[in-house]
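Here is a friendly note to read alongside the structure. Take the points in order and look for each place as you go.

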Protein chains: 2
Amino acid sequence: MLERTISWIDGGPDKNSAKLIDQTKLPLEYTHVIVKTCERMARAIKTMEIRGAPAIGAAAAMGMALAALEYEGKTREGLIVHLERSKRILDSQRPTAVNLMWGTKRLLDKAASTAGTVGEVVEALIAEAKAVADEDVEINRRIGQHGSTVIADGDTVLTHCNAGALACVGYGTALGVIRGAIEAGKKVKVISDETRPRLQGASLTCWELKEDGIPVTQIADTEAGLLMRMGKIQKVVVGADRIVADGVFNKIGTYQVAIMANFHGIPFYVAAPVSTLDLARKMDGVEIEQRDEWEVKTVFKKVQLSPDGVPAINYAFDGTPMELVTGIVTEDGVFTPKELLERYQAKG
Amino acid sequence: MLERTISWIDGGPDKNSAKLIDQTKLPLEYTHVIVKTCERMARAIKTMEIRGAPAIGAAAAMGMALAALEYEGKTREGLIVHLERSKRILDSQRPTAVNLMWGTKRLLDKAASTAGTVGEVVEALIAEAKAVADEDVEINRRIGQHGSTVIADGDTVLTHCNAGALACVGYGTALGVIRGAIEAGKKVKVISDETRPRLQGASLTCWELKEDGIPVTQIADTEAGLLMRMGKIQKVVVGADRIVADGVFNKIGTYQVAIMANFHGIPFYVAAPVSTLDLARKMDGVEIEQRDEWEVKTVFKKVQLSPDGVPAINYAFDGTPMELVTGIVTEDGVFTPKELLERYQAKG
C-alpha cells in the first residue's frame, strides 16, 4: 500500500502543513516536502514536486487552507478577499489542468458559505481540504471498480505519463483501473511510455507499479506503434487533465497514442474523476501550457541533448478528439463520449 | 560545408586508416576516431561512433579494406577466406541496415574479381572503399536534387532521427532533400524529433543543420502529433535502413510518425540510395535489432529514468508499410511505392 501523495499534518511540530512526496526526486530518492505556505504550494505545483490533475486538485485545496491560516486580518470579508487573491496565484501555476481551478473554487465557495468567526471559517477550510483528499481516494477506487470491467484477463495495457496513485492523493485513475482489474482477479501487465520530456512514465508509473508488485515494462515513446503492430498491446488507458465536450486534454503525446490505437483497432480509454469535466467548453477554447525549453533541450538539466542556439518547443499537453476515445471511466461508470455528454452536460 | 563523416587517410603517420567523426560525442564535442583495424571498425559500428545506413555502408567497405591490409598470408585464395571471415564479423554488428552487407559484399566481390598479387588486390580494395565513399556523396546530391521537387517554398518539414550528412559520408538523404530544396532557392524550416532512445535527432540533426545555417527546432517525440494537428508541419521526410517490397525499415518511431502523417493528410517521403533497396524481401522477413535496455532505462548512462528491476524494451528500428508512404526518393528520381517496385524489382 503506497503512502498518500499529499496529506494534511494535524499535529506535531509541523501541525497545519501539507506533506508531499517529492515527485521530482523519484525514482532514485523517496523524500517529502513539508509545505507551510500558500506561496510554497504554488511553487510545488509549478515545479511539479506535485503533479497529476487530481493531486493538483488536492494541492490547490490545501494551498487555500494554508492561505487562510496565513490571513492576519480580523474580518470574514477580508479573509474572502485574501482567498480570492490566493486563488488567482494558485490558478496561474498550471493553466491546463482544470482540477486546479476546481480545488481552489471549492475552498473559496466553502469560505463564502460558512458563517462564523475568522477562526471558524479557517477550521472549516482545513476540514474541507482534508475532505477533498479523502474523497479523491474514494473516487479513484470507484473509477477502478468501474474501469476493471473493460480490462480482460491477460491484457497488456499501455499507459502514458503517470495517472497513478502519484497523480492523485492515492490509488490512481488510469492505474486505478489497472489496480481495480487486478483486485478483480485478472492478470494484467503494463507497458509504460516513458513520456518525454518530464519522463513521468519512466520515473513515476514504473516506480509505483513496481512498489505494488504489478508487472511493468518501460518503453521509449517511439516504440508504442511497433508494439501495437506486433500485437503486444491490447488496451490503452490514460488519465486526463481536462475533459471538454469534444475532446480530452492530457499529457503531451497522449494524442498520438490515441491515433496509433485507432489505426490498430485497439480500444483507448480515459479514466478521470468528474472534477476533470469541463463540458461547457470545446477543445479550441483551452490554452495549452508551454513550459521552458530546457525541459526538452536537456534531461532534467543533467544531460544536454541539442546544441546551444537551437530552439525547442515544449507543449505540456495535447488534446485528443472524442472520435479517438473508446470510453471514459468516471466514478459513476464507463461512458462513451456521447453518453458522457448526456450524463454530465448539465454540469457545464 | 561539413567535413565528411568518414574518410580514408592516404598519407602521414595514420596512412591507410579510416577517420570518423565520433558521433557519440556530438553535439557537445567535435572529435575524431582513427580506425586502423577491421575489428576496431566493427566496434565503431556496434557502438554507433558511426551510424546511419549509408555511412555504415562506407564504414563496412573501409572495414574490409582494413581487413585486407591486416592479412599476413601470401596467397590470393587465403586473402579471400580472410575477407569472408571479416565480412561475417562486420555484418553481425547491426542486423537491420542492409547497407552494411551491401558494403562488405561489394568489397568481397571486388577481391574475387581482381587478378594479381595479394598486394595488388589490397590496393584495389582500398581504391574500391574510397570509391564507395565518393559515390555516396554524389548519390546524395542527386537524391537532394530529385527530392527538392516535393518540397514547397515555405514548408516546415518534420524529420526523425538523423538521415543527414552524419548518417552518410556527406550531404545526407532526408536532410539532402532539405539541402537540395534550399539550394533550389526555397525557404525551408526543419522540426527535428529528438528520437529516443539514442537522441540522434536532437544531437546530430540539430547539430548539422545549425552548422549549415538551416533553421531547425528540436521537439520531444511526443509532440509531433500536436504540431501536425496545429498545421505546423507540411511534409515529413525520413531516411531508411532497408526498403523491402512492402515497407520501409528505419529508426524506431518512424512508423508512428507515418501513421500520424497519414491521419493528418501530410505527405510522408522516404529518401534513400538504391543500395538500401532489398526488394526481394518482405517486412516479415526482416529481423529488427534489439539493443541493450540501458539505452532506454537511462540517457547515455548519465541519468537513470526508471527504477532498478523494471525491464525495458529497446527495438532499434520499426517497419512502415508502403500504404503509409507517399513517395521514395532515390538517386534516380521520386517514385510511388508501386513505381519503385516496377523500376527496381529486377534488382532483387
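**Notes on two domains and two chains**

1. In chain A, the C-alpha centres of domain 1 and domain 2 lie 25 Å apart. Domain 1 of chain A covers 6–140 and domain 2 covers 142–345, with bounds that come from an automatic or database domain assignment.

2. A word on the ground rules. This is a predicted model, in which local features need pLDDT of at least 70, side-chain atom pairs count only at pLDDT 80 or more, and totals for chains, interfaces and linings use all residues. Residues are numbered from 1 along each chain as its sequence is written, chains are lettered from A and ligands numbered from 1 in the order in which they are written, and side-chain values use heavy atoms, with hydrogens and water left out.

3. How do the two domains of chain A meet? Contact (heavy atoms within 4.5 Å) joins 31 residues of domain 1 of chain A to 34 residues of domain 2 of chain A. Between these domains about 2700 Å² is buried, and carbon and sulfur atoms give 56% of it; buried area is the accessible area (1.4 Å probe) that two parts lose on being put together, summed over both. Thr96(A), Ile139(A) and Asn140(A) supply 25% of what domain 1 of chain A buries against domain 2, more than any other three residues.

4. Look for Arg94(A) and Glu289(A), which form a salt bridge with their closest N and O atoms 2.9 Å apart.

5. Now step back to the pair of chains. Chain A is superposed on chain B by a rotation of 180° with 0.0 Å of shift along its axis (RMSD 0.0 Å), using least squares on the C-alpha atoms of residues with pLDDT of at least 70 in both. The two copies are therefore related as by a two-fold rotation axis. The same surface serves both copies, as 100% of the contact residues of chain A recur in chain B. Which residue of chain A comes closest to the rotation axis? Asp221(A) does, at 3.4 Å (C-alpha).

6. The area buried between chain A and chain B is about 4800 Å², with 68% from carbon and sulfur atoms. Gln218(A), Thr222(A) and Gln256(A) supply 14% of the area that chain A buries against chain B, more than any other three residues.

7. Finally, the links between the chains. There are 2 salt bridges between chain A and chain B; in one of them, Glu194(A) pairs with Arg196(B), the closest N and O atoms being 2.5 Å apart. Across the same interface of chain A and chain B, 32 residue pairs are in polar contact, both residues at pLDDT 80 or more.

Methods. Salt bridge = Lys/Arg side-chain N within 4 Å of Asp/Glu carboxyl O. Polar contact = N/O pair within 3.5 Å; in protein donor to acceptor, adjacent residues only side chain to side chain.
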